[in-house]
Amino acid sequence: MKKFYKINQFINTATVRLIGPDNKQIGVVTREEALKMAKEAEMDLVAVAENAKPPVCKIIEFKKFKYQEQRKERQAKKGIRRVDTKQIIYTPFIGENDYKVGMNRALRWFKEGNRVKVIVKFVGRQITKKEFGFNLINRFAKEVEGIAKIEAMPKFERKTLGSIFSPIVNKNSA
């Protein structure tokens, strides 16, 4: 969403609180005086905070002002981390070492702050032993109990049983 700013003659209030080109507050002046000062400095008068009483205007080059605003937005976006959902696929009759490899991978992903979807895939006649899949997901849940919590309970989708786990965020470390 683009933000629009009123500049120069498009500012339509009688008085404005003026900030000079050196970022020092000049005070409350009439619109005509502010426009005159901006013209003398060969810069633009930009309404920074229109909703304030009186509106806050700044004497600055408009292109420079827009660039500074874009830079602030980019800096704000840098702090936001996107959370991914990683997947671990097991079979109901998985070997112990294969299970541990998946568990270690999940623990690493939890430390990175990602969610993990545990999928138990049933092949052929394995579908008749659904309880093995539920037991596997319950075992996984017990092993990651202090690190992650169940976000979505185990449920069947065709021949797969899936459950989503999300890391527990400590308020002290955040």
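Which residues form one aromatic cluster? In this predicted model, the cluster is made up of Phe122, Phe134 and Phe156. The points below take up the sheet, its helices, the aromatic contacts and the cores.

1. The open sheet. Four strands are arranged in the order β5-β6-β8-β7, and their pairing is mixed. The edge positions are taken by β5 (85-90) and β7 (148-157); each has a single partner strand, so one side of each is left without a neighbour in the sheet. On average, and with direction ignored, neighbouring strands of this sheet are turned by 20° against each other.

2. Pairing of β6 with β8. Strand β6 (residues 115-121) and strand β8 (residues 160-167) run antiparallel and are joined by 6 bridges. Within this pairing, Lys117 of the model stands opposite Ile164 in β8.

3. The aromatic pair Phe134–Phe156. The structure holds 6 aromatic pairs. One of them joins Phe134 and Phe156 in an edge-to-face arrangement, with 5.9 Å from centre to centre and 65° between the planes. The pair links distant parts of the chain, since Phe134 belongs to helix α4 and Phe156 to strand β7, 22 residues apart.

4. Charges over rings. Phe156 has a further contact: the charged end of Lys130 sits over its ring, 5.0 Å from the centre. A second case involves Arg139, whose charged end sits over the ring of Tyr99 at 3.8 Å from the ring centre.

5. The largest nonpolar core. This core has 19 residues, of which Tyr90, Phe110, Val116, Val118, Phe140, Val144 and Phe165 touch the most other members. Two or more residues come from each of β5, α3, β6, α4 and β8. Which element gives the most to this core? It is α3, with 5 residues. The surroundings of Val116 illustrate the packing: leaving aside residues up to four places away in sequence, Val116 touches Lys86, Ile88, Ala106, Trp109, Phe110, Ser163, Ile164 and Phe165. In soluble globular proteins, nonpolar side chains tend to be buried together.

6. A separate core of 10 residues includes Ala34, Ala38, Ala47 and Ile59. Ile59 is also the bridge partner, in β4, of Leu45. Strands β3 (residues 44-49) and β4 (residues 56-60) pair in the antiparallel sense over 5 bridges, and they form a hairpin with 6 residues between them.

7. Glu42. This residue is placed in the loop between α1 (31-40) and β3. Glu42 counts as exposed because its relative accessibility is 73%, above the 50% limit. Glu42 and Ile59 are 17 residues apart in sequence, and their C-alpha atoms are 9.3 Å apart in space.

Note on methods: Residues numbered from 1 in each chain as written. Predicted model: local features only at pLDDT ≥ 70, side-chain atom pairs only at ≥ 80, totals over all residues. Heavy atoms only, no water. Pairing = 2+ DSSP bridges. Axes fitted to C-alpha atoms, helices over the stretch in contact; angles between N-to-C directions. Phe/Tyr/Trp six-rings, centres within 6.5 Å; stacked < 30°, edge-to-face > 60°. Lys NZ or Arg CZ within 6 Å of the ring centre and 35° of its normal. Buried < 20%, exposed > 50% of the residue type's maximum accessible area, 1.4 Å probe, protein only. Core = buried A, V, L, I, M, F, W, Y, C linked by side-chain atoms within 4.5 Å. Contact = heavy atoms within 4.5 Å.
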